[in-house]
Amino acid sequence: MTSEDFGGVGRLPQERRVVTEIPGPRSRELQDRRVAAVPPGVGSVLPVYVTDADGGVVVDVDGNSLIDFGSGIAVTGVGNANPRVAARVKAQADRFTHTCFMVAPYESYVAVCENLNRITPGDHEKRSFLVNSGAEAVENAVKIARYATGRQAVVAFDHGYHGRTLLTMTLTSKSMPYKHGFGPYAPEVYRMPMAYPFRWPTGPENCGPEAAAQAVDQISKRIGATNVAAVVVEPILGEGGFVEPAPGFLPAIAEFCRANGILFIADEVQTGFARTGDMFACEHEGIVPDLVTTAKGIAGGLPLAAVTGRADIMDKVHGGGLGGTYGGNPLACEAALAVLEEIEEGKLAERARRIGEAMLPRLRALAGRHPAIGDVRGRGAMIAIELVRDGSSEPAPELTAEIARRCHARGLLVLTAGTYGNVLRFLPPLVIPDHLLAEGLDIIEAAFDG
Ligand code: PLZ
């Protein structure tokens with residue numbers, strides 16, 4: 001399948017065009033205004049100010065057209081301002097923009113939940129409810145798990161990221177910038193080793209079973225399995241650097257959970273909606289989570305997130321115990337319904353696999369020429385390289401920042417990630433045209449070679 005199959009992409013020329021320095025003069029003017037109006041705590045990867053975006057490009061106020069390898073952090077998988085999404089949102093905006101589902105409900109919310117119940121892993125009976133952000137989804141999943149089990153402890157993993165609210169910041173592993181200075185943190189959160197193949201002391205082949213055994217042992221001995229409400233895990237680490245847990249790790253943890261009445265919460269906020277080549281990343285090892293959190297790719301950029309879970313768990317919470325003013329806003333629900341049609345009709349999971357097949361061999365070849373690339377990994381359109389001091393496993397965050405800068409200067413929007421800030425991650429829109437994907441890879445190669 002090629003990008004030519006995607007209707008709608010091409011409103012903007014699908015080309016890279018660098019006509020000024022990046023950021024250009026108009027972006028720099030806006031950046032000056034921003035510095036006076038917005039606190040520095042809110043960062044931007046690349047302060048070019050956007051006027052338009054479509055398919056595989058983002059256009060800025062200076063007329064530069066950048067190749068998009070970020071999708072707004074894995075959000076615009078179906079493309080920016082996807083025509084079907086835009087049309088449904090516009091039509092909804094002309095009818096009503098808000099009633100609050102907790103005040104007077106509407107069909108689109110129910111339809112989104114029906115779809116989520118259908119497409120998330122497992123054919124058991126499920127329920128879903130809608131919130132505004134990934135963090136809010138994770139926070140609610142933990143609330144529900146505690147309610148349903150009557151237990152308090154929650155287990156998260158090294159290198160994990162789950163959000164910036166008090167509870168999800170606590171679940172998040174990395175101090176700077178997410179937690180530093182923001183304590184005290186929420187109680188009853190425990191962190192376990194993650195099966196990080198590239199960094200496992202006894203080697204990647206031992207990583208899955210050993211990491212699982214350590215987690216099981218620590219949960220049993222330090223917390224006590226019967227005190228644990230839930231384990232929260234990303235099936236591929238997102239902000240942690242696109243680490244695929246070593247094979248066998250997730251199934252072993254899921255099995256331990258099942259045997260001990262612990263709920264398995266899959267945080268699919270970054271991995272969901274065809275990004276990894278499956279609708280959800282859990283499917284890769286056949287994991288059927290008790291609860292799934294989703295956001296980002298669900299609604300093409302409109303703020304929407306969800307908790308989907310086993311009906312017997314979800315139905316336990318008392319009436320009025322779950323909700324929020326904007327959760328499942330009608331504009332966002334219309335967008336989500338359009339996104340799901342685009343993903344399913346456009347076979348975007350298959351397209352994500354093709355993207356991975358195009359990227360991985362070229363990045364592996366590049367790694368063969370550059371000992372600074374210690375690891376090439378990821379699935380589908382969620383691909384990363386981890387940079388190290390030549391030949392060692394010592395992280396190289398400065399080089400990572402430098403390579404990102406070179407890519408940006410040449411008109412390729414890439415993101416960094418990782419506990420050590422030494423991962424370059426690539427999240428192209430699933431609808432990116434093939435020639436832009438190839439050109440983006442040329443730029444990455446040139447950034448290393450040149
Ligand atoms: N769970 C797995 O990836 C958001 C964060 C960007 P929200 N990741 C991008 C930043 O620096 O704030 C994320 C995620 C996973 C939860 C979240 C939180 O989702 O929609 O940002 O709240």
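1. Let's begin with a charged pair. Glu386 forms a salt bridge with Arg199, and their closest N and O atoms are 2.7 Å apart. Please keep in mind while looking at this pair that the model is predicted.

2. The domain assignment gives domain 1 as 4–69 + 348–449, and domain 2 as 85–345. Between the C-alpha centres of the two domains the distance is 26 Å. Their contact takes 31 residues from domain 1 and 27 residues from domain 2.

3. How many salt bridges does the rule find across the interface of domain 1 and domain 2? There are 3. The rule also finds 17 residue pairs in polar contact across this interface, with both residues at pLDDT 80 or more.

4. Now for the area involved. About 2300 Å² is buried between domain 1 and domain 2, and 53% of it lies on carbon and sulfur atoms. On the domain 1 side, the residues that lose the most area to domain 2 are Arg379, Met382 and Thr419. Together they account for 34% of what that side buries.

5. Next, the ligand. Which of the 15 residues around the ligand come nearest? They are Gly134, Ala135, Arg164, Asp267 and Gln270. By class, the shell has 5 nonpolar, 5 polar and 5 charged residues.

6. A polar backbone atom of Ala135 is 2.8 Å from an oxygen atom of the ligand. For Arg164, an N or O atom in the side chain is 2.7 Å from a ligand oxygen. The side chain of Gln270 likewise has an N or O atom 2.8 Å from an oxygen atom of the ligand. On its own the ligand has 510 Å² of accessible area, and the protein covers 81% of that.

Key: Residues numbered from 1 in each chain as written. Predicted model: local features only at pLDDT ≥ 70, side-chain atom pairs only at ≥ 80, totals over all residues. Heavy atoms only, no water. Near = heavy atom within 4 Å. Polar contact = N/O pair within 3.5 Å; in protein donor to acceptor, adjacent residues only side chain to side chain. Areas by Shrake-Rupley, 256 points an atom, 1.4 Å probe, with all protein chains shown as cover. Nonpolar A, V, L, I, M, F, W, Y, C, P; charged D, E, K, R; others polar. Domains from an automatic or database assignment. Contact = heavy atoms within 4.5 Å. Buried area = accessible area lost by both parts, 1.4 Å probe. Salt bridge = Lys/Arg side-chain N within 4 Å of Asp/Glu carboxyl O.
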